[in-house]
Amino acid sequence: MRKQKNKLAGLQRRKAIAGYIFIAPFILGFLVFMVKPFFQSLYMSFCNVEVGAGSFNPVFQGIDNYTRAFTIDPQFSRLLVEELSRMAVDSVAIMVFSFFVALILNQKFKGRALVRAIFFLPVILSSGVILGLETNNALMAQLQVAIEETTSGVSITGAVEEILRTAGVGVRAFEKVFEIIDKIYDIAIASGIQIIIFLSGLQTISASMYEAADIEGCTKWESLWKITFPMISSMFLVNWIYTVIDFCMRSDNEVIKKITKVMVDQIDYGFSSAMTWIYFLIVIAGVGISSLIISKGVYYYD
C-alpha cells in the first residue's frame with residue numbers, strides 16, 4: 001500500500017515538474033520584459049506625466065487621474081459598462097457555440113478531418129494580416145453591397161424581430177438573441193481555440209463509459225449531463241478564462257480604443273495608465289469571481 005502511494009506521489013511530482021518546465025519560458029519572459037513596465041504603468045497612473053524633447057517627468061498627483069476617469073471624462077464610464085456587458089453576452093455565446101460544434105466534430109462521419117480543419121480556420125483568419133485584408137478588402141465590400149441590393153434589404157431575422165417587437169413578446173430578451181444571431185460570424189471567428197480545447201477534452205472520455213450508460217438504459221440527453229459535462233467540466237473553466245481575456249484584447253474594443261486615443265493623440269500617459277488599470281482590475285475581478293463560481297461545479301478525476 002505504501003509502495004503504491006509512493007508511486008502515485010512520484011507520478012504527481014513528475015507531472016508538476018513537467019508543468020513548471022512548460023510555463024518556465026512565460027515566467028522568465030514576464031520577469032525580464034514585463035515586470036518593470038508593469039510597475040511603471042502603475043506609478044504613472046498616479047502621476048501627471050510631462051513629456052518633452054528627450055525628457056519624461058512623472059509628477060505625483062495622487063488619485064486625480066482615477067477621479068477624472070469616473071467623474072469628469074464623459075465617455076469612459078459609459079464605454080466601460082457597454083464593453084463589459086458585451087463581453088459577458090459574447091463570451092457566453094462563444095462558449096455555447098464552441099461546445100456544441102465540438103460535440104458535432106467528435107462524432108464519427110466521413111470527412112471529419114476536413115470539417116475539423118475548416119472549423120479551425122477562424123484561428124488562422126483571426127491573425128493580424130488576414131484580418132486586415134478582410135477588413136480592408138474592396139471586393140468583399142462590393143460583394144456585401146451586391147447582396148444587399150439583390151435581397152432588397154429583406155432580412156428574415158429582421159422580419160421576425162419586427163414581428164416580435166410589434167407583438168411585445170419578450171422584447172429585451174429577443175433583442176439580445178438577435179444581436180447574437182447577427183454576430184454569428186464574429187462568434188465563429190472567435191471560437192477556434194475553444195473548439196479545439198473542448199474537442200481534446202471530449203476525446204479523453206472513454207467510449208466504454210457511454211456503452212455502460214447505454215446498457216443501463218440512459219438516453220443520449222442523460223449521458224450528456226451525467227457523463228460528458230462532468231468529465232470535461234474543467235475545460236469550461238479554461239475556455240471561459242481564455243475567452244474573457246481574448247475579448248479584452250480585441251482590436252474593436254471601445255475601451256482600448258479610448259485608452260489608445262488618450263495615450264497617442266493627447267499624449268496623456270498618466271490618465272491613459274489610470275484608465276488601463278481600472279479596466280484591468282475590473283476584468284481581473286470579474287474573471288476571479290466567475291472562475292470561482294464555475295470551479296464549484298468542476299469535477300476532477302484521476
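The questions and answers below concern a predicted model.

Visitor: Which residues of α2 are buried, and where do they lie around the helix?

Guide: Helix α2 covers residues 64-72. Viewed down the axis of α2, its buried residues fall within an arc of 105 degrees, so they line one face of the helix. The residues in question are Asn65, Tyr66 and Ala69.

Visitor: Which exposed residues does α2 carry on the face turned away from its buried side?

Guide: Buried means under 20% relative accessible area and exposed means over 50%. On the face of α2 turned away from the buried side, the exposed residues are Thr71 and Ile72.

Visitor: Which residues of α12 are buried, and what arc do they cover?

Guide: The buried residues of α12 are Ser223, Leu224, Ile227, Thr228 and Met231. Their directions around the axis put them on the same side of α12, because the arc they cover is only 125 degrees.

Visitor: Which exposed residues are on the face of α12 turned away from its buried side?

Guide: The buried side of α12 includes Leu224 and Ile227. The face turned away from that side carries the exposed residues Trp221 and Lys226.

Visitor: Which helix gives the most to the lining of the largest pocket?

Guide: The largest pocket has a volume of about 600 Å³. Among the 17 residues that line this pocket, the closest to its centre are Asn106, Gln107, Tyr210, Lys220 and Thr228. Helices α11 (207-215) and α12 (220-231) each supply at least two lining residues. With 5 residues, the helix that gives the most is α12.

Visitor: How many residues of the lining of the largest pocket are nonpolar, polar and charged?

Guide: The lining of the largest pocket is made up of 17 residues. These divide into 4 charged, 6 polar and 7 nonpolar.

Visitor: How many bridges join β1 to β2, and which residue in β2 is the partner of Val49?

Guide: Strand β1 (residues 47-52) and strand β2 (residues 55-60) run antiparallel and are joined by 6 bridges. Asn48 stands opposite Val59 in β2. For Val49, the bridge partner in β2 is Pro58.

Visitor: Which residue in the turn between β1 and β2 has a positive phi?

Guide: The two strands form a hairpin with 2 residues between them. A positive phi of about 75 degrees in this turn belongs to Gly54.

Visitor: Where does Ile267 lie, and what is its phi?

Guide: Ile267 is in the loop between α14 (254-264) and α15 (269-295). At 44% relative accessibility, Ile267 counts as partly exposed. Although Ile267 is not a glycine, its phi is positive, at about 50 degrees.

Visitor: How many disulfides are there?

Guide: A disulfide requires a pair of cysteine sulfur atoms within 2.5 Å. Cys218 is partly exposed, with a relative accessible area of 31%, whereas Cys248 is buried, at 10%. Under the distance rule, the number of disulfides is 0.

Note on methods. Residues are numbered from 1 along each chain as its sequence is written. This is a predicted model: local features need pLDDT of at least 70, side-chain atom pairs count only at pLDDT 80 or more; totals for chains, interfaces and linings use all residues. Side-chain values use heavy atoms; hydrogens and water are left out. Buried means under 20% relative accessible area, exposed over 50%, partly exposed in between (1.4 Å probe, protein chains only). Helices (H or I, at least four residues) and strands (E, at least two) are DSSP runs, numbered from the N terminus. The arc is that of the directions from the helix axis to the C-beta atoms. On a 1 Å grid over the protein atoms alone, a cavity is a set of points where a 1.4 Å probe fits but cannot get out, and a pocket is an open set with protein on both sides within 12 Å along at least five of seven lines; lining residues have an atom within 4 Å of a point. Grid points are joined across faces, edges and corners, and a volume is the space filled by probe spheres set on the points. Ala, Val, Leu, Ile, Met, Phe, Trp, Tyr, Cys and Pro count as nonpolar, Asp, Glu, Lys and Arg as charged, and the others, Gly among them, as polar. Two strands pair if DSSP finds at least two bridges between them.
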